Amino acid sequence: MSERLQAGDTAPAFTLSDADGKQVSLAEHLGRKVIVYFYPAALTPGCTKQACDFTDNLEVFAGAGYDVLGISPDQPEKLGKFRETEDLRVTLLSDPDHAVLEAYGAYGEKQNYGRTYQGVIRSTVIVDEQGKVERALYNVKATGHVAKLLRDLKIESA
């Protein structure tokens, strides 16, 4: 199991393909806070709810100085379909080999209905302007997570 990040850790650098195959790196966001959220699979009910919640609040986060990046093991083509189907505006990144998921502690042992397996642990990591981890939240719920994040970060929603 990969190590979970703690506040104060340096956020692992990454460069991944977005839904259009364009390379996006964490370094491009230095000077802004970044919400990096990890989700198991595009076009599934929980992940759709979470991505729609982030999209609905994208301007609120941006106004408070936050960029939002969603990362899953899905291929860019599937992320593009997800974006089009759900009219998403959040940046979706592809990590098919789980390298970034593991570096952030968002991939590991999970249990579902008594079965143990390896998979994506729904997580959110908030990175500050200098690239340090401000908060690392693991095993978050898809529904209500964005609203809780807004409250915890003391960001006023519209």
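Select Ser72 to begin: with a relative accessibility of 0%, Ser72 counts as buried (under 20% relative accessible area, using a 1.4 Å probe and protein chains only). The model is predicted, with local features needing pLDDT of at least 70 and side-chain atom pairs pLDDT 80 or more, while totals for chains, interfaces and linings use all residues. Residues are numbered from 1 along each chain as its sequence is written, and side-chain values use heavy atoms, without hydrogens and water.

Ser72 belongs to strand S4 (residues 66–72); strands are DSSP runs of E with at least two residues, numbered from the N terminus. Beyond four places in sequence, the residues in contact with Ser72 include Pro40, Leu79 and Leu93 (heavy atoms within 4.5 Å).

Next, select strands S6 (residues 107–112) and S7 (residues 115–120), which run antiparallel and are joined by 6 bridges; pairing requires at least two bridges found by DSSP. Within this pair, Lys110 is opposite Tyr117 of S7. Now pick Tyr113: in the hairpin of S6 and S7, with 2 residues between the strands, Tyr113 has a positive phi near 50°.

Notes: Helices (H or I, at least four residues) and strands (E, at least two) are DSSP runs, numbered from the N terminus. Buried means under 20% relative accessible area, exposed over 50%, partly exposed in between (1.4 Å probe, protein chains only).
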